[in-house]
Structure formats: C-alpha cells, structure tokens
Amino acid sequence: RPPRSTLFPYTTLFRSPILLTGATGFVGRHLLPALEASGLPFVCATRNVEKARAKQPQYSWRYLDMTEPESLALAMDGCSALVNLVHQMGGGRGYPEREAQAARDVALAAESAGVERIVFLGGPDPGPNGSTHLQSRLRAGSLLRSGAVPAVELRAAMIVGHGSTGWQMIRSLAKRLPAMVLPRWAQNHSWPVDIEDAITAVMTAITMPLESGCSFDVPGPQRLTHQEVLTLVGRALGKERPMVNVPVLTPKLSSYWITLITGIDLHLTQQLVAGVVVDLDPTVPLIWDHAERQAGDFELSARHAIADELAGEMSTERRARLERIGKLFARE
C-alpha cells in the first residue's frame, strides 16, 4: 500500500471549507470529531440553525433545506467540497422523487458555487428486485455522479452505531423479544459496517485524488445473515434467545410486528425490512482499496454501540477513536 502522502495528496481543495450537510444526524454527529481532529476547514448545514448553534456553538452553522433549492447556493457559497449525508426516507410516501430532485438540485448548485467535489453516503446496490429505499439511494448517487462536479458515491449497508435506525431496530428486537420468530429473509446476507469505518470511508472520499465521479462499496469485515446479526447482538447484550424459523412470515407482516416490538415508525420499518429481502453484496470497487479499516468485527461493533447507548449519545472512548481517525488525514 502506498504511503499516506501518495494516497491523500492535499491540494488547493482544502483552502476553503467543506460543507457538511446532515451535520446533526447520526453519521454527521460522528463525522464532526474526525473532521475537527483532521484540521480540515468545515462548516455545518442544518434546517434548524438556532437549535444546532445553541447545542454546539463551537461550530459554524448555515441554513440548508434540501427541498428549498435557493438555500443550497447560499449554504455552498465559498465551499470547496460538499459531504451529502441527507436522505428523504423519513419524509413519507413519494420520497424517491423528492430524493432524486434533491440530487439534481445539489449537483446544479454545486456547479454554480464552484464546489470541487461531492461526497455522498448512499446504500448498496440491491439488484433489480431491491427495495424502493435502496433503489432511490442508488438513483440519487447516479444523478450526483452524472453532474459536472466529480462525486464520490459511498455504498454502505446497515451502519452499526447508537443513533442508526437500522441498528436501533436490530438492537430492540434482540433486547425485547423472549424468542425470535425468523422469516425467510433472515437468511439473507449483508455486510454491516461500523460507524467508525463509515467515517474512515467518508474522510477518504473527501481527501483522495479524484478526477471524475466514482462509486465504492463500504462493506464491514464479515458477510452475515440477519439471523447471525441478531444472534451476535443478543450475545453482546447478554441475552441468548431461542430462534424459530417461520417461512410464511412475509416482509409486510414482519414490518407490523417489528414496529409493535421496537416502536419504530411503520413507514421506516417497512422500508428497512424491504431492503433485506435480497442479499446485499458488494458490486463495485471497495473503498478499502484506498484506506484501512479501523473497527473490529461485528460483535465488537455491537458492544461499542451498546456502550454509546449507555453513555447517552457518544462515549468518551468512541470520541477518542473518531479523533484518531481524523488525525490520520491531518495535513502535514
């Protein structure tokens, strides 16, 4: 593997700030300590500037709403790069077109503002039979890459960490159910990725040499069935559960009982369950061809996520690890 100076050459790109959208969301909150430790200049974007500024006054905040194209140009003004962590799935029905339109608007605004690269965190390619949610994320990534500004699309399956909706669903099932009733889709596979590795992937995409748009998969270190994921989360919680396979339980029925057990919004549950009815394997080059993973195996990731939950948001140990990741990308 080449030395860091070859992998991550710094150019004029980082004399102006990076705009971080979704800065108050799950991934954004974890990216902030790494960005800060890297020394890269950045500003944060959110729909509720006053609330964000009151909570984290140490950062610079700008207003941005993806459904308001005029706010994009103002938020991007003077920025060299854009990290797009916003998605529309929580907005209810009709979100795929809203997400596609937001991608078109972002690409055009970035070109007009003189932004030099876009980093987009999306989802894996589910193939032709994949869910509406994953197809929508894939379409948004394609639209961004087809714009004039080079875009790096990162494709990650479930990101393991406190605050992730997918993780919350799995953790709640493993914690609350006295026994597991497993539908057929529980035997499908994915590559869950630790939030720290997701942050490493984003930092790599921000700093790597880039001439044109490209896509990278961001798999975790293990290919696991969803049943294996539930087993390992239960073990991390100290709760070994008996499991019963029920092949007749459809994704639709699964969504209802998962919502009943976890309390997660039914629309979100339906989208998440629909996303796992096929195997989610890498289909494009891996970001790990350009960076080193920082996290351990899935069970360790689960234990770290549980520790964050007990700490209330982000444990001191987690923040320290994120800062160490950021320092890997510090300018010399």
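1. Which residues in α8 meet which residues in α13? In this predicted model, the α8 side of the contact is made by Ile195, Glu196, Ile199 and Thr200, and the α13 side by Arg318, Arg321, Leu322 and Ile325. Sorted by class, the residues of this contact are four nonpolar, one polar and three charged.

2. As for the geometry of that pair, helix α8 spans residues 195–207 and helix α13 spans residues 316–328, and their axes come within 10 Å and cross at roughly 25°. Angles under 35 degrees count as roughly parallel, and α8 and α13 are therefore roughly parallel to each other. The crossing in which α8 passes α13 is right-handed.

3. Helix α12 covers residues 298–311, and its axis and that of α9 come within 9 Å and cross at roughly 50°, which makes α9 oblique to α12. The crossing of α9 and α12 is right-handed.

4. On the α9 side, the residues that meet α12 are Val229, Leu232, Val233, Arg235, Ala236 and Leu237, while α12 contributes Phe298, Glu299, Ala302, Arg303 and Ile306. The class count for the contact of α9 with α12 is eight nonpolar, no polar and three charged residues.

5. Once neighbours within four places in sequence are set aside, the residues in contact with Leu237 are Arg171, Ala174, Lys175 and Ile306. Ile306 is also among the α12 residues that meet α9. The C-alpha atoms of Leu237 and Arg303 are separated by 7.8 Å, although the two residues are 66 residues apart along the chain.

6. For the chain as a whole, the secondary structure amounts to 13 helices and 13 strands, and of the 332 residues in the chain, 53% are buried. Among contacts with a separation of 6 or more, 79% are between residues 24 or more positions apart. The accessible surface of the chain is about 14,200 Å², and carbon and sulfur atoms account for 52% of that surface.

Methods. Residues numbered from 1 in each chain as written. Predicted model: local features only at pLDDT ≥ 70, side-chain atom pairs only at ≥ 80, totals over all residues. Heavy atoms only, no water. Axes fitted to C-alpha atoms, helices over the stretch in contact; angles between N-to-C directions. Helix = DSSP H or I, 4+ residues; strand = E, 2+ residues; numbered from the N terminus. Parallel < 35°, antiparallel > 145°, perpendicular 65-115°, else oblique. Left-handed = near helix turned anticlockwise from the far one by under 90°. Contact = heavy atoms within 4.5 Å. Nonpolar A, V, L, I, M, F, W, Y, C, P; charged D, E, K, R; others polar. Buried < 20%, exposed > 50% of the residue type's maximum accessible area, 1.4 Å probe, protein only. Areas by Shrake-Rupley, 256 points an atom, 1.4 Å probe, with all protein chains shown as cover.
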